[in-house]
Every structure is written in C-alpha cells, then in structure tokens.
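Here's a quick briefing to keep beside the model while you look around.

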Amino acid sequence: MTINASVDDFRLLDPATLAEPYEYWRALRESAPVHAVSEGVGYTIVTRYADVKAALRDPETFSNQLSRRFQSGMSAYKDSEAVQAVMANACPYADALAFSDGETHNKHRKMVRRGFTLARVRELDALVEQTVDEFLDELVSGDEVDFWRRFCVRLPIRIIGHILGVEGDREDDVKRWADAQVHRFGEPRETEEENLSIARDLVDFHQYLYAALAERREQPRDDFLTDLVQASDGVTENELVLICAQLLVAGAESSTSLIGSMVNQLLDHPDQLQKLREDPSLIPGAVEETLRAESPIKLVHRVTTRDVELGGGRIPADSLVLLMIASANRDEDVFTDAETFDITREDARTHFAFGMGSHLCSGAELARSEGRIALERLVARTSSITRAEGPAPVHPPNLTVRALKTLPVILHPADTSA
Ligand code: HEM
C-alpha cells in the first residue's frame, strides 16, 4: 500500500500509522527528522540513521532511566485502588538494566553477561534445534497452519522459559507472564477485570522468580539462573527479579517478530526463497536483512538529561524521545534502495535492530541463532512454502513491536525418499 504521506498528516498514535508507519517515517526523515508531537504523553521522534546513532552513543544525555518521567516506573498511567492492592505483592519497581544508566547499568549488564556465556549460547542452540524440529513435525503436513501462532510465538517462549528455569509443560504460563508485562508497558486495558488479571499474572510471575532464585541460592545447579545468582554481588534481590522479568519480554516478542517477518518477507519474495534453497549459506543474510527492513523493535525510549541539539533541532531537557531504529534502518542516506528487501545486501548488518552502544541487546546472538536455525530447518524439511488462501497478513497497531496477528501458510513436506 502506498500512502502519500506528509508530515502534516502524521499522527504517531493513529492505529493505521502504527500498523504501517514506513511512509510517514520517510516523510519525517526528509523534512522533519527531529519532530515533537503532543499526542499521548508527548514525544520527540528521531528518524534519521545519523541522529539515532548520535543519540545511542550519548547515554549521558539520552538516558534509559525512564523513571525520570514515569512516576510508577514503567507506566505513565495511575492504577486503580484494586489494581494497586494486587500490585502490592509484585516486585517493587527499581531502575534496572534496560531502564537504568551509569554504574547501576554497568553492574547489571556485567551480571547478565556472565549468564550468556558462549557455552550457554551453544547449549541453547541445541535446544533451539530440537524445539524447531519438534514443532515442524506437527506443522510440515501439506495442510494450512497458522505459522505465527503455532511456531513464531511458541519457539522463543520455550527458549526463554528454559533460560528462566521454568520446568514442565508451562508454555502457557510463560506466555501469560510475557503478555502481562507487555500490557503493563502500554496503554491500560478497557475493563477493570482485564487490568486486574494482568496485575495478577505479573504477581504470579514475580513470585515464581523469587522462589526460583532462592532455590538456586540454596542449591546451585548448572543453569543460567544459578550463573546470575552467583554473579549478583551488589545486586539486590528485587533488581534480580526485575532483570529476569525484562529478559522474558526482551526474549519473547522480538524473536517471534523476527521469525514471522522473515517468513512473511520470503513469501512476498519467492525468488529470494528459491535462492536460499539453492544456497543455504545465504540464510544468515536473510536474518540480517529482516532485522534491517522489518526491525522487530521499532523504537527505543530515552529521556533527555539536558537541552540538546540534534539533527538541526533542539530537544529540551526532560523530553521523552523515541529513537526510531526501524526508520534509521531504512534511511536512504545509508542503505541503497532501503525500502527493498534483499537477502544479499552486504551492509545489512550495520542496522540498529539490536540498538548500539552501552545498551546493545544482550540476546542478539541467541536471537540470530533462533532465526537462522528456524529458517535452515524450514528450508531443509519442506519442498515449498506457500501462503494459504485468504486475506494477506496484517500488522496490528503497536507502537513498539512490528508484529503480525496470523501467518497462514502451507508447508509442503520435502521428498525424503530420494
Ligand atoms: C530479534 C530479537 C531481538 C531484538 C530485535 C532485540 C532488540 C533489542 C534492542 C533494540 C535493545 C536495546 C534497547 C535500548 O537501547 O534501550 C535490546 C536490549 C536488550 N535485549 Fe534484546 N532483542 C532481541 C532479542 C533478545 C533476546 C532473545 C534476549 C534475551 C534472552 C534479549 C535481551 C535483551 C536485554 C537484556 C536487553 C537490555 C540490555 C541493556 O539495557 O543493557 N533480547 N534488545
């Protein structure tokens, strides 16, 4: 769909714009690269690659400590008394990891790095392979399946559930916990019952984490949570719980989006899917190009600590800034034919899909592995992948995540008799 987008018509929170923002971002890059809007809680939007890069490189001016603006930690909205009563049993808010700066951030990041050792990531690769094959056993059938719901959502949930030590068949719980956190970041739900249910899920998750961490202190195991606990000198128990909670959100929705968008793009570009089949060494390039052209996390938030000049404009102190990494990744000044999906693009990896600088994504290698292994196994186990009949998949209106709702496909089994 081509919209004749103009900056004058740009409404950040308009559902149609949230679903398909690219044309508007192009207009913003051209004529208003640093653009303040009064919608919602009021934002300054930064859309050019060079400006996003400058801001990501200057964490002292562009702070991750969002509590400077949001009194109750991550939510701009006040909870009802009933929700507050439930939330009294949740882990109290503290500035942690992705929402902290300076010394606190360094301390938290160092701890998380001790968990994501190369050995652990390799071990996770084996689990990703096993899980991908388990799911494909059900899905590669020649029948219509919703690949989004039955694969893209489930794979990262299974993996991050394992990282967080969740045992047994609790995929649905992990998904509920992830959703609850996403809802707390965003707009409140319409009904009190929904808001209460989200709060209860969050409490349930935090209580799980307190217990799982206490168990590791008492009886260390050979696992990620034990590594974290053992590297947690100077980190409070509440901070530890909130960091684990961040890992769930960070590790679930974004990887789901990556895998779904990658398959969706390859279905739109069957010639490129064919190239991959002929030369699977192109698969890592397909992952990078999806990260660039369909960046799963569209933006990162920052709060300015002082008045600052950026992109020829002036941003006052205490502004809430949205660094549009998905727009930067389509900046024509940096990427030739930036709107074109091309798995052989040589400079795709210079994208900012994982951020850059001090807050660079801690799970980037894991996410890349999930995308690569999913595509390798899909290509190996199918003779072709086609869209099921019906309307084209749509992107739900979401400020931060480039998601899909469904992805109906038919996975035709490879002929293994030869
Ligand atoms: C395709 C998948 C993923 C994408 C696109 C993605 C994207 C990002 C981005 C853009 C940031 C930077 C935030 C900022 O600058 O404020 C980030 C940070 C982070 N990500 Fe990811 N992520 C993905 C997968 C994962 C996974 C699988 C994990 C862990 C299991 C993870 C853990 C983290 C953590 C802990 C941070 C915070 C780092 C810090 O603040 O120092 N991410 N991610």
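This is a predicted model: local features need pLDDT of at least 70, side-chain atom pairs count only at pLDDT 80 or more; totals for chains, interfaces and linings use all residues.

Residues are numbered from 1 along each chain as its sequence is written.

**Core**
- The largest nonpolar core has 99 residues, and those touching the most other members are Val-46, Val-52, Leu-248, Leu-323, Met-324 and Ile-325.
- A nonpolar core here is a set of buried Ala, Val, Leu, Ile, Met, Phe, Trp, Tyr and Cys residues joined through C-beta atoms within 7 Å; buried takes 20 or more other C-beta atoms within 10 Å of a residue's own, with C-beta atoms placed from the backbone.
- Helix H12 (residues 237-268) gives the most to this core, with 16 residues; helices are DSSP runs (H or I, at least four residues) numbered from the N terminus.

**Ligand shell**
- The ligand is surrounded by 25 residues, and Gly-251, Ser-254, Gly-355, Cys-361 and Gly-363 are the closest (C-beta atom, placed from the backbone, within 6 Å of the ligand).
- H12 again gives the most, with 7 residues, while H5 (102-115) and H16 (364-381) each supply at least two.

**H8 and H9**
- The axes (lines fitted to C-alpha atoms over the stretch in contact) of H8 (residues 154-163) and H9 (residues 171-185) come within 9 Å and cross at roughly 95°.
- H8 and H9 are therefore roughly perpendicular, a label for angles of 65 to 115 degrees.

Conventions. A residue is buried if 20 or more other C-beta atoms lie within 10 Å of its own, exposed if 12 or fewer, and partly exposed in between; C-beta atoms are placed from the backbone. Axes are lines fitted to C-alpha atoms, for helices over the stretch in contact, and angles run from 0 to 180 degrees between N-to-C directions. Angles under 35 degrees count as roughly parallel, over 145 as roughly antiparallel, 65 to 115 as roughly perpendicular and the rest as oblique.
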